[in-house]
Amino acid sequence: VLQAPAVASQRSTREWQQADAEHFLHPFTDFAGLAKKGSRIITKADNIYLWDSDGHKILDAMSGLWCVNVGYGQASLVDAATRQMKELPFYNAFFQTSTPPAIELAELLSKVTPPQFKHVFFTGSGSEGNDTVVRMVRRYWDILGQPERQVIISRHNGYHGSTMAGASLGGMSGMHAQGGLPIPNITHIDQPYWWENGAGMSRDEFGKVAASWLEERILSIGPEKVAAFIGEPVQGAGGVIVPPATYWPEIQRICDKYGILLVSDEVICGFGRTGQWFGCETMGTKPDLMTFAKGVTSGYIPLGGVMVGERMAKVLIEQGGEFNHGFTYSGHPVACAVALANIRLIQQQKLVEHVHDDVGPYLAQQFASLNDHPLVGETQTCGLMGAVLLVKDKAKHQAFPSDLEVGMVCRGHCFGNGLIMRAVGDRMIIAPPLVITRAQIDEMMVLIRRCLDLTLADAQKNGWL
Ligand code: PMP
């Protein structure tokens, strides 16, 4: 008889932390710093709550990592995985083979995505999705006899993943500094962040100005060399930066004017997050490609992909011949079965409508009410994403010096008070599960206000104001 494997409760927090520090290199982490401090060990979850190895209950206002859209503990996703694991745990989609879950998911995705999308290329993650975008965009222009169209334009402080192409598309200078990125033919324009870049302009005026940077860049490169523009409808990892309403329609107009492909990175914004199925619908664009991951399975199992619009699909299918690209897990049957159950649950529970009509507007109202707090310079929401910017002097539009790390101070209070909120610089951000209720938003707001007050007290005590 085999011995029962160790379960969480059979090791103490200290023991878990020790083993973690000895063997596990975490993503985006200062390894030595974490080893000294010890990881927080999360052991279980239900609905919008997590529990750590000391039994503390935590409200997860970040949906894991922007992914657990349907909340934790959904039995239909677990059942779908179990059923598929028993029936056919794996088969590939390479050598002219396919599997029912992958086919059914492709079919369902073409129904829930905007009408230009009838085809999908599956990957294992968002980063792989964006690598696929780079290869597919270049392949498309090649087939059309315009191989000189190589340049992809993206934005500073955008996030598109951590592979070589994903990190290159992203505009995170800290990532570019490690490993000689970006790869050639990727260039970045400034982001549509009104608070930082829009001084003296109304938000709507600024939206058009920020979009005009795209046209300037296209003209300086030469339109015949530009392949595509990529952006997140709302920048997530960059700090939930919701662009002015004038921004995306103008970006669309510029892409159309020069025949440039528009790519919407929906890894965070997809599957209901913004109050529509996809962020491009909220922003009013008609992209040629759409990267997705995270919310497609609510993070229960890894899966990503790229929706391919008919403009490109027609060329790739009818004129392309073999596309030399793909992954072992492209169309993984278990991941696809979980995605099917997840999307059906979003449909059955009307979660997109719930965000659009109920909790999204309610969150917007609650976040707006934070503006009377002395530390709050601006608040923004879009569906169930929100940001609170902490500033030194809101009347003077003055930020805190970045070395004070006020955001991290606030985040420390969040952890101490049973709330997971992320700090991006001094922007405190949330993206809770879409199943959150008004009463749970009230509960979250009590915690947010408490943490803002504690941060204000620190700022006063330390003479930061
Ligand atoms: N694009 C966006 C917009 C993202 O937010 C992320 C991940 N946070 C990615 C791509 C990369 O996805 P993954 O981590 O699954 O590779």
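## The shell around the ligand

Helix H6 (residues 126-143) contributes the most to the shell around the ligand, with 3 residues; helices here are DSSP runs of H or I with at least four residues, strands are runs of E with at least two, and both are numbered from the N terminus. The ligand is surrounded by 15 residues, of which the closest are Ser125, Gly126, Ser127, Gly161 and Val267, a residue being counted as near a molecule if its C-beta atom, placed from the backbone, lies within 6 Å of it. By class, the shell holds 5 nonpolar, 8 polar and 2 charged residues, where Ala, Val, Leu, Ile, Met, Phe, Trp, Tyr, Cys and Pro count as nonpolar, Asp, Glu, Lys and Arg as charged, and the others, Gly among them, as polar.

This is a predicted model, in which local features need pLDDT of at least 70 and side-chain atom pairs count only at pLDDT 80 or more, while totals for chains, interfaces and linings use all residues. Residues are numbered from 1 along each chain as its sequence is written.

The largest nonpolar core has 121 residues, and Ile152, Phe229 and Leu289 are the ones that touch the most other members. Such a core is a set of buried Ala, Val, Leu, Ile, Met, Phe, Trp, Tyr and Cys residues joined through C-beta atoms within 7 Å; a residue is buried if 20 or more other C-beta atoms lie within 10 Å of its own, exposed if 12 or fewer, and partly exposed in between, with C-beta atoms placed from the backbone. H14 gives the most to this core, with 11 residues, and the core draws at least three residues from each of domain 1 (40-70 + 351-461) and domain 2 (75-348), the bounds coming from an automatic or database domain assignment. In soluble globular proteins, nonpolar side chains tend to be buried together.

Of the 16 residues of H14, 13 are buried, so this helix is largely enclosed by the rest of the structure. At 1.5 Å a residue, H14 (residues 333-348) should span 22 Å, which agrees with the 22 Å between its end C-alpha atoms; the expected span is 1.5 Å times one less than the number of residues. Just after H14, lysine 350 takes a positive phi of about 50 degrees. Glutamate 353 is found in helix H15 (residues 351-368) and counts as partly exposed, because it has 13 C-beta neighbours inside 10 Å. From C-alpha to C-alpha, glutamate 353 and alanine 337 are 24 Å apart in space, with a sequence separation of 16 residues.

S11 (residues 376-382) and S12 (residues 385-390) pair in the antiparallel sense over 6 bridges, two strands being taken as paired if DSSP finds at least two bridges between them. Along this pairing, cysteine 382 stands opposite methionine 385 in S12, and threonine 379 stands opposite valine 388 in S12. The hairpin of S11 and S12 has 2 residues between the strands, and in it glycine 383 takes a positive phi near 60 degrees.

S11 is mostly covered, with 5 of its 7 residues buried, and in S12 6 of its 6 residues are buried. Met385, Ala387 and Leu389 point one way from S12 while Gly386, Val388 and Leu390 point the other way, and all are buried. In a regular strand the side chains alternate between the two faces of the sheet. S12 also pairs with S15 (residues 427-430), in the antiparallel sense over 4 bridges, and there glycine 386 stands opposite isoleucine 430 in S15.

## An open sheet of mixed pairing

An open sheet is formed by 4 strands in the order S1-S2-S3-S13, with mixed pairing. Strand S1 (42-46) and strand S13 (419-420) stand at the edges with a single partner strand each, so one side of each is left without a neighbour in the sheet. S1 pairs with S2 (residues 49-52) in the antiparallel sense over 4 bridges, and aspartate 46 has tyrosine 49 in S2 as its bridge partner.

## Backbone exceptions in loops

Most residues other than glycine have a negative phi, and most peptide bonds are trans. Valine 240, in the loop between strand S7 (226-231) and helix H11 (247-258), has a positive phi of about 45 degrees, and it counts as buried, with 26 C-beta neighbours inside 10 Å. Serine 298 has a positive phi of about 50 degrees; it lies in the loop between strand S9 (289-292) and strand S10 (304-309) and is buried, with 28 other C-beta atoms within 10 Å. The peptide bond from leucine 181 to proline 182 is cis, with omega near 0 degrees, and proline 182 lies in the loop between helix H8 (173-176) and strand S6 (186-189).
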